[in-house]
Amino acid sequence: VTVTGTPAGRCVDLDCPVGAGVGSVCLLEKPVMHCPNFRPEAVDGTASDAPATPASSGDSEHVPEHDPSELSVGLAEPAPADDELDDSGSSEDGEPALRRESAVQAPAGPRRRVDFSEGEGVSIGLGIPLSPREAARLMQAEDARSIVLVGPPDCGKTTLLGAFFEMFCEGEVGTWRFAGSATLNGFMRRCWHARIVSGEDQADTPRTLYGGRRPFLHLRVQRDDELPITLIIADLAGDYFRDVASGADLAEAGPILVRAHCVLHLVDSGHFADPRDRQRARSAAVGRIRRLCEMGAFGEGTRHVIGLTRHDLCPPDFSAELERIAADIAQDWLKGAPVIALSARPSDDSTPLGLASLLDELTTPVRRNSLPERHNAALRSSVLAVARAGSAAYSRRDAQDAPP
Amino acid sequence: MTRADVAVDVCMLGRHSSGKTTYLGALWSILRNPGSIAADRRVALRGPLPQRTAYLDAAAHALEGGESVLRTQRDTGEDVVLELIVDDAPVLLSQFDVAGESMEHMLVSRTAPGQLMNRIESCNALMLFVNPSDIALLATIRQANTLERAMGGEPPERARNVIPPVDTSVSDEQIWKHSPTAVQLIELLQVSALARSESVPRIPISVVISAWETVDPDVVRGKCSVSPVAWVDSKLPLLGQYLRANTSNFRSQILGVSAQGGDYSDEAVVEELTRRQMSERVRVSDGTIVSRDLGAPLTWLLQASA
């Protein structure tokens, strides 16, 4: 028995997520062998008697009436050795392998085959966000810039990062090109719920886990003919910053924040939508930023940027006023940091706003920041200890242990 | 010629059904057949036929008869070693044809076969194959809503907090499995960069868009209507950016290659193509010139790795 065409149309898979049952016509109108759910062993013996017809006719519709293992073998063509055949009998171009009768035998001689199932596998890394130690290694290796996103829960930190990746998938962001990432999985996770594959009706972003041990994303960007710039972005849970205005401890976020080259302060514009909330929202933003400054949370020379997230939710007649408020905060506490209106996922599904400008600001060169005095003292004693030990190995280990 | 003399040691990368074996089969058909001489061919077999060529023979056999090449079985690969003359220079072409399924499995399981990583590590050139009819996009809800509005519909009302505050329901495997094609291809290149020693700082990468006649039907008439570079920018923008942004790490070239010469499921096409030798069926487009030089990617890799 041979199959000269494509057995099309009838579902043979009990578990098919889009099928209407075994033997029904495929709702996706897929030929059986195109179906990712097709399993030859699922074909029962009560197959249709419909004759096989060439694939090009496009109207064949039957369950294969023969041993599925013969799907790709022609009548007059001797079966090649098993190891030459793909399990599904599909061809390389994704079409079912059509085999016509031929007087010329197919070659089936010796090969230079390599079996990958032998030997041990090699880990290629998970592509997930980085631990502090991994981030520190990358910081050293790529002379990266560390960026920390600061803001209370639900102000749009993670959404912003997901939106960056979504935008790069559509094209360049302003003049910036995507140049690679060691944490592609982390970026895809951040935009998972904005993708159709998630099954959601509306794009959303889950809250970032407090106490997460892998907060760092790695992103390389490039523009014009310049060398790529590596960014190590700390996506910390908003819980770290929720009560900081009242004097709460930064906990694990403290050492990360103090070493940042650039801090992006996110202020939720949506909180200014209701006039009755505006004073509270302003006080919360000022309180948080002022407290962070006064507690010495930032390294000397750290660059600051204020991002007004969800700016599409700010009433148009208050937009300019909000930007002025933010500029005042920047002037008072952050030495005149730039203010950028952002809308990572506009409610009207229009193109995200402000991402290119933000990237311009985040990649602006800053002089290497020095740490506040108390951190410098700790660092000096550490360096002295290393010098006394006189061990290069110790030095390397110490560097690896340090957060970026 | 020994491995130490290798001028270009190529590793072929790509997802399943991306045209890797078809390319090899067509190339082999041209190389082994002394009668198939095309005017613009710059690659030829050097010396006698090599040993143990059944894999290549089977692929060429299928293509010559107007049949598609069978896919390489998962967890297997074929170590193809050919002594060639490229532009009058002797070249040992060592290609590692790996099942696309193996590469996709590698991306999801995050474990690569040791042999494959060793070969990637030792190669000095890469060929990245892309099937233009099998492109998975990121496909966001925003894009879908925009499309729905354009068609006069109204997307569902926005409802916030419809998902758990801290979502851990999506596994890393699931995310990799549903990753866009461009992400998978970039990750293949990144994994390759990770595996290779730093002895080849600027490894050349030839990106081959296979079945190019499905993208640019004019190619079979020797004309260019679509540029492979523009096509990548349009369909795989993330990959296009990645290639352009990393010129300091590698050089790349993008070609449209029609190794089959047409659609083998079309009887009329098969009827017409099987009258011709493989060298007369193949078309290679760089966006400005269409040639019949299937060795063009190899020639470029050789020049770029010199």
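1. Helices and strands here are DSSP runs, helices being H or I with at least four residues and strands E with at least two, numbered from the N terminus. With that settled, Asp349(A) sits in the loop that runs from strand 9 (339-341) to helix 8 (355-362) of chain A. Its phi is near 60°, a positive value in a residue other than glycine. I'd give that a look, because most residues other than glycine have a negative phi. Asp349(A) is also buried, since its relative accessibility of 7% is under the 20% cut-off.

2. Keep in mind that this is a predicted model. The predictor gives the complex an ipTM of 0.89 and a pTM of 0.78. For chain B the average pLDDT is 84, and 88% of the residues score at least 70. Residues 160-165 of chain B are another matter, with pLDDT below 50; the stretch still has 14 contacts in the model beyond near neighbours in sequence.

3. Ser17(B), a residue other than glycine, has a phi near 55°. Ser17(B) is in the loop between strand 1 (10-14) and helix 1 (20-32) of chain B. With a relative accessible area of 6%, Ser17(B) is buried.

4. Now the second largest pocket, with a volume of about 1,300 Å³. Which residues lie nearest its centre? They are Leu138(A), Glu142(A), Gln190(B), Ala193(B) and Leu194(B), out of a lining of 42 residues. From chain A, helix 1 (132-142), strand 4 (176-180) and strand 5 (216-223) each give two or more residues to that lining, as do helix 7 (181-195) and strand 7 (203-209) of chain B. Helix 7 of chain B supplies the largest share, six residues. By residue class, the lining has 22 nonpolar, 11 polar and nine charged residues.

5. On to salt bridges: the count over all chains comes to 30. Side chains of opposite charge can pair when their charged atoms come close. In one such pair, Asp268(A) and Arg310(A), the closest N and O atoms are 2.7 Å apart. Are the two partners buried or exposed? Asp268(A) is buried, at a relative accessible area of 4%, whereas Arg310(A) is partly exposed, at 24%.

6. Asp277(A) and Arg280(A) also form a salt bridge, with 4.0 Å between the closest N and O atoms. The rule takes pairs within 4 Å, so I'd treat this one with some care. Asp277(A) is partly exposed at 30% relative accessibility, and Arg280(A) is exposed, with a relative accessible area of 64%.

7. In chain B, the side chains of Arg110(B) and Glu187(B) meet in a salt bridge at 2.4 Å, N to O. Arg110(B) comes from the loop between helix 3 (100-109) and strand 5 (111-113) of chain B and Glu187(B) from helix 7 of chain B, so the pair links parts that are 77 residues apart in sequence. Both Arg110(B) and Glu187(B) are buried. Elsewhere, Glu172(A), Arg177(A), Asp233(B) and Arg244(B) are joined into one network by salt bridges that share partners.

Technical notes:
Residues are numbered from 1 along each chain as its sequence is written. Chains are lettered from A and ligands numbered from 1 in the order in which they are written. This is a predicted model: local features need pLDDT of at least 70, side-chain atom pairs count only at pLDDT 80 or more; totals for chains, interfaces and linings use all residues. Side-chain values use heavy atoms; hydrogens and water are left out. pLDDT is the predictor's confidence in each residue, from 0 to 100. Contact means heavy atoms within 4.5 Å. Buried means under 20% relative accessible area, exposed over 50%, partly exposed in between (1.4 Å probe, protein chains only). On a 1 Å grid over the protein atoms alone, a cavity is a set of points where a 1.4 Å probe fits but cannot get out, and a pocket is an open set with protein on both sides within 12 Å along at least five of seven lines; lining residues have an atom within 4 Å of a point. Grid points are joined across faces, edges and corners, and a volume is the space filled by probe spheres set on the points. Ala, Val, Leu, Ile, Met, Phe, Trp, Tyr, Cys and Pro count as nonpolar, Asp, Glu, Lys and Arg as charged, and the others, Gly among them, as polar.
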